[in-house]
Each structure stands twice: as structure tokens, then as C-alpha cells.
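Please open the structure in a viewer and keep the sequence at hand. The stops below say what to select and what is found there.

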Amino acid sequence: MNSDRMNPIEKKLEDCVESIRRVTDFKPLVALVLGSGLGDYADTDAVKVECRIPYSQIEGFPVSTVAGHKGQFIFGYVEGVPAVIMQGRVHYYEGYAMNDVVLPTRLMGRLGAKVLFLTNAAGGVNEGFHPGDFMVIRDHISVFVPSPLIGPNIDSLGPRFADMSEVYDVPLRQILYQAADSLGLSLQEGVYTQLTGPAYETPAEIRLLQKLGCDAVGMSTVCEAVAANHMGLRICGISCITNMAAGLGAAKLSHAEVQETADRVSRDFKRLVTEAIGRIGRSLTEE
Ligand code: HPA
């Protein structure tokens, strides 16, 4: 399409693709978004790094402002699988428009990723959960945040009315279980709800979420999954339950607690992600 007539969101996306392509022609199969506690994953031996691109070097790109979230793309190999890794995501509560929040997700899809692997830190809403548990995301509730698909539809990405009946890919979920099994780790499973944040919830809000069938709550992930599903990526996600949600545990909530639990279990979280990506890569090449 003539770029003068292109939707401005699509134009920005194409400009970002171009600015990445000026630096690297790396073609990822898997796109990995690192949540709290996994931030240094790309600095470990698990990733054979080919190239790093700070978000600040990409024109028009939203830059994360949260402590503990570095802002860069890392291109490299995990268990031999070509991956693009977002070290630091962009949150809606930082004040960005929803279409900017999902720009990095769309960009990774445009760069060639077929699978989006989402990770996050979340509050446990299901009273059977414990801080330090990992939860496979089976489904999500998006109704508390604006849809990233609002506005003129970008037909080159996907349809106006996207189907959301199976956002989290069943075979990928099975791979997560197989990976966890092989490492002797156990997994919870459930429904993740994104709220805008940045404040944590009140106990009344958590009781509301329990009534809605929610198992974990956080401030990210769902909008990214919606945008990725719209453009046909296969998606899987794991929440690290860093704390019991408001009113369910004794203590007040703090970012320090979230970070502390995430750090405590980060070794296992990283092993799980590495093992899962290896298996996902092999399953993609077998197809
Ligand atoms: N609520 C919202 N987001 C979170 C929480 C929580 O309890 N823990 C980690 N991220």
C-alpha cells in the first residue's frame, strides 16, 4: 500500500520493522516476553546472543519506565531455536496508548516469529495457589482493559472481528507440561485477568475476580495475547505467582515482595522456559 495512505499504527510498525532490519536480518521462530523475575534471562548461558537492540534506538518505540525492566530486544538462540526476546515490556499503566503497548508484540510477529511465549508476575486469586507457583495460562479475561484492536482494523494483520475462542494454543500448553515434567516441576493452570494497575487491587476487587472465575491477576499479557492472536501467532503463557492477591494473604502488597518471590524461583522459571522453548522449536520443525 502507498505508505501515505497507510494507517498510522501500521506505518509506525513498518518503520520499526525497517529500523530493526537495518541492524539485523535475524529471523526468529519464537518471541519471548520476559516478566518480572526473568529479566536477566537473556544475560544467562541459556541464550546464545547474536544481537541486542535497545528500544531507545527504535524510532517511535515505547520505552519501559519500570524499575527492574530493561528495555531491549535480544536476538539469539535458546536450545538452538532462533528467538527474539523482549527484555522489559511496555505496560498500559505507564501511559502509552494501547496500540503502542502492543507494538513490540506485533513487531516480533512481523519479524517472523510464529509463537509468542508470554511470562509475567501475577497475584494469586485462586486460594489453592501459593507464592512461587507457576501457572499455565489457559484463558484470559480482557474486559477490564481497552482492546488493542480498537480503531480502524489493520487488515494486513488480521480480521476486524477476531476469534478469541482458543487464544492459548493447546499443543503448546501440552509442551509446557512435558517440559515441566522433565524437570520435576509442577504447574498450576488457570485464567489470568489483566487490570490496568498501577495500584494493586483491593480485597473487594479480588473477591469480584474470584466470582468471575479468575485464578491470577496482573497488569500485562492479555493485551499482548489479543494483538498476537489477531495476527495469527500461536501463544502460550506462564504466570509466576509472586504473592497472594489483596485480602488473601496476611501482608500488604509491595513491588519488593513481588520481586523477592520472582527472584527466589527465577532459577526454576528460567529452566522451564529454556526447556519449553527447545521443545517448541523441535515441534515447529517437525511440522
Ligand atoms: N496484582 C496485580 N499485579 C500483580 C500482582 C498482584 O497482586 N502481583 C504481581 N503482579
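Begin with the largest nonpolar core, which has 43 residues. Select Phe73, Phe75, Leu107 and Leu116, the residues with the most contacts inside this core. Then move to a second, separate core of 34 residues, where Phe134, Leu187, Val265 and Ala276 are included. Bear in mind that the model is predicted.

**Aromatic pairs**

A pair of aromatic rings is described by the distance of the centres and the angle of the planes. How many aromatic pairs are there? The count is seven.

Select phenylalanine 26 and tyrosine 77. Their ring centres are 5.3 Å apart and the planes stand at 65 degrees, so this pair is edge-to-face, the cut-off being over 60 degrees. Phenylalanine 26 sits in the loop between α1 (8-21) and β1 (30-34), while tyrosine 77 belongs to strand β3 (residues 72-78), so the pair ties together parts 51 residues apart in sequence. Tyrosine 77 is partly exposed, with a relative accessible area of 28%.

Next, select phenylalanine 134 and phenylalanine 269. This aromatic pair is stacked, at 4.9 Å centre to centre with 10 degrees between the planes.

**Backbone exceptions**

Most residues other than glycine have a negative phi, and most peptide bonds are trans.

- Select glycine 197 and proline 198: a cis peptide bond joins them, with omega about 0 degrees. Proline 198 is in the loop between β7 (188-194) and α5 (203-211).
- Select glutamate 79, which is not a glycine but has a positive phi of about 50 degrees. Glutamate 79 is placed in the loop between β3 and β4 (81-87), and it counts as partly exposed at 48% relative accessibility.
- Select threonine 221, another residue other than glycine with a positive phi, here near 75 degrees. Threonine 221 lies in the loop between β8 (216-218) and α6 (222-230) and is buried, with a relative accessible area of 0%.

**Helix α1**

Now select α1. At 1.5 Å a residue its 14 residues should span 20 Å, and the end C-alpha atoms are 20 Å apart, which agrees.

Which residues of α1 are buried? They are Glu10, Leu13, Cys16, Val17, Ser19 and Ile20. An α-helix has 3.6 residues a turn, so residues three or four places apart point the same way. To see what covers the buried residues of α1, show elements including β2 (47-54), β3 and α3 (103-110).

At the N-terminal end of α1, select asparagine 7, which caps the helix: a side-chain oxygen lies 2.7 Å from the backbone nitrogen of isoleucine 9. Isoleucine 9 is in helix α1 and is partly exposed, with a relative accessible area of 22%. Leaving aside residues up to four places away in sequence, isoleucine 9 touches Asn99, Arg106 and Ile154. Finish by displaying the C-alpha atoms of isoleucine 9 and leucine 103: they are separated by 8.4 Å, although the two residues are 94 apart along the chain.

Notes. Residues are numbered from 1 along each chain as its sequence is written. This is a predicted model: local features need pLDDT of at least 70, side-chain atom pairs count only at pLDDT 80 or more; totals for chains, interfaces and linings use all residues. Side-chain values use heavy atoms; hydrogens and water are left out. A nonpolar core is a set of buried Ala, Val, Leu, Ile, Met, Phe, Trp, Tyr and Cys residues joined through side-chain atoms within 4.5 Å. Buried means under 20% relative accessible area, exposed over 50%, partly exposed in between (1.4 Å probe, protein chains only). Rings of Phe, Tyr and Trp (its six-membered ring) pair if their centres lie within 6.5 Å; planes under 30 degrees apart count as stacked, over 60 as edge-to-face and the rest as tilted. Helices (H or I, at least four residues) and strands (E, at least two) are DSSP runs, numbered from the N terminus. The expected span of a helix is 1.5 Å times one less than its number of residues. Contact means heavy atoms within 4.5 Å. A polar contact is a pair of N or O atoms within 3.5 Å; within protein, one must be able to donate a hydrogen and the other to accept it, and residues adjacent in sequence count only if both atoms are side-chain atoms.
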